[in-house]
Amino acid sequence: MRHVFVLLTAWFMIVLFYGTAFSQNTDNSLIDLDLEFKIEEVKKKPYSINADIEIKETIRFFDRNALLFKQKYLDEKKEDTAWQTDLDLTIEGQYQKDFIKLYGRFNGLFYYNDDENFESERKVEETYISFQPSFSWAFDAGKKVHKWGKGYAFSPSAFFSRPKDLDDPDATLEGYYSLSADYIKSMEGVLQTIAITPVFMPVNRDINHEIGPKDELIWGAKFYFFAFDTDVDFMFLLSDNMDDRVGIDFSKNLTPSLEIHGDAALVKDYHQYIIDADGNTSVQEYTAFNFLLGLRYLSSQDTTYILEYYRNGQGYSPREYENYFSLIERGFEQFSNTSDKTLISTSKTYSPYYNQQAAMRDYLYLKISQKDPFDILYFVPAITFIYNMNDQSASITPQMTYSPLTNLTLEFKTAFLLGESKTEYGEKINKAKIILSVQYYF
Amino acid sequence: MKKIFIIILLGLFSAIPAFALDGNEILKQVDRNLNPESFEMYRKLINIEPDGTKKEFVMFSIKKGKDKIASVFLSPASEKGRSTLRIGDNMWLYIPNVGKPIRITSLQSVTGGVFNNSDIMRVDYSAEYNCEKIETIDNGYTLYLKAKLKNVAYETVTMSIDSEKLLPYKIECYAASGMLIKNLYFKNIKDFGNGVVRPSLIETDSPLYKDYKSYIVFANVKKRDLADEIFSLNYMHKIDGLR
């Protein structure tokens, strides 16, 4: 399968090379340029369907000495690398008649890797009905993504959405089933716009059960204000499963090239699940304060810098995290000496908390991207740094995106994880990763 | 002596019309001739690279007042559903995948190519610029415009206007350093109906993008009453519904 992918990619490259060369011969005369624009080209239909297909090859280079590698594989995995081929199809459709709109986005992922062979996953990312009786009012019912907060990589105030993938913060997310409304009011004066967005999210065994074990109606709201050229949101959420929380965010352009944004949230009675080096567990209850402060800067050379500092009040301290690693270390020793998996298994029960992204307290995120370097239009190289300030470990991700033809995007991405022993990025399963993808929209 | 007096008198009279011209009033008139106060339009943006490679974007836009404009991309498929909003100096981009508006700047370009966001989300020139000087030329006027605030894409703009139609035919855009950023050429004047007569094509080139060309083709420019609420972050993902 991987050979098929390599061949396909090579084929795409050849097509692109010759396609570009061919276009040079045929399309460089402005005499042929069609400057007529007939409105029939974009005549609106009540329905629309769009899709994108992505072929992706991921090569992971294992860090066999890493504790999370030992936790997952013990001594069962002999290979140093793992290959995975993904075929990812997303279909999006909508139907609009007067003030009623139906919308759906569906994703199907087919993948092949050495461990699982061929597998597939399907999910409904969004599907909802929207009722818009006026420009000020809208009501939505169904599975919908509510993305709140101003952070690029982190979003402490995104109360009603699933966590972002730090490796790909722009990726689409799967929504939750909810009922929501939107009221917008514009006015003259300093306060130019207000908007109120209440959200109701039922949790029971049929829908949204992944949120928590208790049946309940989670509800909350966001209040948006636009004044003094600044966006400000206040938000809250009331829930037993997710803990009550209140938040605020803002965003403003300080200069044409410099934007500042921030998110903050208080999570009341947050329960932090802790495990020590002996496998003893405890629960710590406190009000957690999460916040983020970020800048986005565009230089005169068209380089964009996104810098964010994130304080994760729900995160673990360096000592707590080190204890977790010590437990895995002892568990692996126990297994190596006696084949007893007790301690490793105990550590695994806490992996959903400790092994999640940004599980500690203080992070710096920096993404630098350059638009159209070397006079190559639609080419964007970028590099991303994620730095764990608590244990000085880091991840570095260089990547290149190129869109040489309409609706076609090529991406080459690598990731390197750096850190001492018993640090977050130093103990990840992979020490490096290479991703090559071709995405086509139609 | 009599001859000298007549020459001086003629010179004074010929100078009077130029002194009497109010550049800012002309600029406002140019704005209104370019588009109605509240309107909708379709635009096709074409980027052409030096090797002839062409990329097209089609967008539907609405504008209200001097400084509110919103657009949604209709094609290509990779950009479909992306929308932009500008209120005064504030600009946002909504990408369906990202699911929330993010702030962007006037110097960036949501499409790539020579046109930047300020060109694509153009508000009235009189909202951003004061006319500091006006010159009478053979077939019209040249307005020398200076930005009212610092946070605009071009510090100064030189606008050449056809005095009969009161429409621009060339605009030169300069950075604060005095460097020429780009030229905009307004061509193909077309009657869109209901009194809207304006250039249907803007061509641009730039010394910063040597051998690159970009065009904006206009279609269906027509007056439309629009609610203020449309020009808000919460409405950005619904702009397509206005078509």
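Residues are numbered from 1 along each chain as its sequence is written, and chains are lettered from A in the order in which they are written. In this predicted model, local features need pLDDT of at least 70 and side-chain atom pairs count only at pLDDT 80 or more, while totals for chains, interfaces and linings use all residues.

**Stop 1: chain A**

Select chain A and colour it by secondary structure. The chain has five helices and 18 strands; helices (H or I, at least four residues) and strands (E, at least two) are DSSP runs, numbered from the N terminus. Along its principal axes, the C-alpha trace spans about 80 × 55 × 45 Å. A compact globule of 442 residues would have a radius of gyration near 22 Å, and the 24 Å of chain A agrees with that. This radius is taken over C-alpha atoms, and the globule rule is 2.2 Å times the number of residues to the power 0.38.

Buried residues make up 30% of the 442 residues in chain A. A residue is buried if 20 or more other C-beta atoms lie within 10 Å of its own, exposed if 12 or fewer, and partly exposed in between, with C-beta atoms placed from the backbone.

**Stop 2: A:Asn253**

Next select A:Asn253, in strand β10 (residues 245-255) of chain A. Is A:Asn253 buried or exposed? A:Asn253 is buried, because 20 other C-beta atoms lie within 10 Å. Leaving out residues up to four places away in sequence, A:Asn253 touches residues of chain A and of chain B, including A:Asp229, B:Asn90 and B:Arg103. Two residues are in contact if their C-beta atoms, placed from the backbone, lie within 7 Å.

**Stop 3: the side of chain B that touches chain A**

Now show both chains. Contacts link 45 residues of chain B with 46 residues of chain A. On the chain B side, β1 (38-48), β2 (54-64) and β13 (209-223) each give two or more residues. The most come from β13(B), with four residues.

**Stop 4: helix α2 of chain B**

Finally, select residues 23-34 of chain B, which form helix α2. Which residues of α2(B) are buried? They are B:Gly23, B:Ile26, B:Leu27 and B:Val30. Seen down the axis of α2(B), the buried residues fall within an arc of 100 degrees, so they line one face of the helix. The arc is that of the directions from the helix axis to the C-beta atoms. Among the elements of chain B that cover these buried residues are α4 (125-128) and β7 (129-137).

Notes. The expected span of a helix is 1.5 Å times one less than its number of residues.
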